Amino acid sequence: MPRFATLDAAWMVWDGPAPAREDAALDQTRELEKFLAEIERRAFRMAQVALRDPDDAMDVVQDAMLKLARNYAAKPSAEWRPLFYRILENGIRDLQRRRSVRKRVMAWLPGPKEDPDNEASDPLDSVADGGPAVPDLMMQSEAMEQLEISLRQLPARQREAFLLRNLEGLDVAETAAAMGCSQGSVKTHYSRAVHALRAQLGEVW
Amino acid sequence: MNDPATTRLEERSRALLCASVENLDMPTRSRLTQARHAALAAAGRGSRLRDLRWWAPAAGFSAAALLGVALWFGPVGIDRHAGSAVRMSSPPAAENQTSLEDLDIVASADEMELLQDDVEFYDWADRAASADPGSVG
């Protein structure tokens, strides 16, 4: 056996294309962008259902994207989804808490009291260009409005469980990770949400 | 297993929610894309800053170690009599003392002015001290 056989092997390894750190970071950024692009609309709708205001929903979604990209990009991509929704739900809860404090402060101040939370949402807001025929669209829009109203009447944890399982399609374990609770709690919240929705929408649907 | 009414509700609500996601208007989609790009760009900047943050303590520690070594081994000066760069011949403790005194003088503008006023006197005092350490002071 030649004396430098191992050295040759070492040279081969040395000369081979080593994965550069920049390339790995670029791949990760691309993967993260793909992930965010895939979920951003559903996340926006979830935030919009909870907050009603599209601008607030947009802010919360952007903040969640930023926090995920800044703090958790290095985590395995399989963990991004529950992490992202946990950040999003925390953001929604923080905003709702701030609103509630603001509302209490405003109640003490003189002047016209306007409560944006009680504004009736315009059904035409959810009407999009193109797509289904107008009567179908109107029926769909009306049904969606009823669903949104019912979802907003649910306790926050039930609404979270329902949307994460039903819209985002997370399984029980992922939903539990996103909500920061046990799988048993997820099942309980989801079951209660479904029963409450059935009670509210059963007659209409 | 779910009863049919529950299953119907789940399916219908999923279909409606998915349709509302698909039918999001273009301005909203555009804002979401901008938000995504902004988040990724900000995260990129943050990661570069974090890299610097990791290097900063190491750089600070190196600088402190270098300063410590320089102070410990004392000043290297020109010995006028030998005409070459040599270490001063006094013991380390005295050298450190001298370095600190020099530092005080350099830091104090008044002292510098005093030195400039009578350079020849200090030159003479230095030479006299070198010649006979017991005769001055």
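**View 1. Polar contacts between chain B and chain A.** Across the interface of chain B and chain A in this predicted model, ten residue pairs are in polar contact, both at pLDDT 80 or more (N or O atoms within 3.5 Å, one able to donate a hydrogen and the other to accept it; residues adjacent in sequence count only if both atoms are side-chain atoms). On the side of chain B that touches chain A, helix H1 (4-22) and H2 each supply at least two residues (helices are DSSP runs of H or I, at least four residues, numbered from the N terminus). H2(B) gives the largest share, 15 residues.

**View 2. Salt bridges between chain B and chain A.** Four salt bridges are counted between the two chains (a side-chain nitrogen of Lys or Arg within 4 Å of a carboxyl oxygen of Asp or Glu). One of the salt bridges joins the side chains of B:Asp3 and A:Arg198, at 2.9 Å, N to O.

View 3. B:Arg31 lies in helix H2 (residues 26-73) of chain B. Its relative accessible area is 36%, so B:Arg31 is partly exposed (between 20% and 50%, 1.4 Å probe, protein chains only). Beyond its neighbours within four places in sequence, B:Arg31 is in contact with A:Asp55 and A:Met58 (heavy atoms within 4.5 Å).

**View 4. A:Gln48 in helix H2 of chain A.** A:Gln48 has a relative accessible area of 17% and is therefore buried (under 20%). Its side chain makes a polar contact with that of A:Arg45 at 2.7 Å.

Residues are numbered from 1 along each chain as its sequence is written, and chains are lettered from A in the order in which they are written. Local features need pLDDT of at least 70, and side-chain atom pairs pLDDT 80 or more, while totals for chains, interfaces and linings use all residues; side-chain values use heavy atoms, without hydrogens and water.
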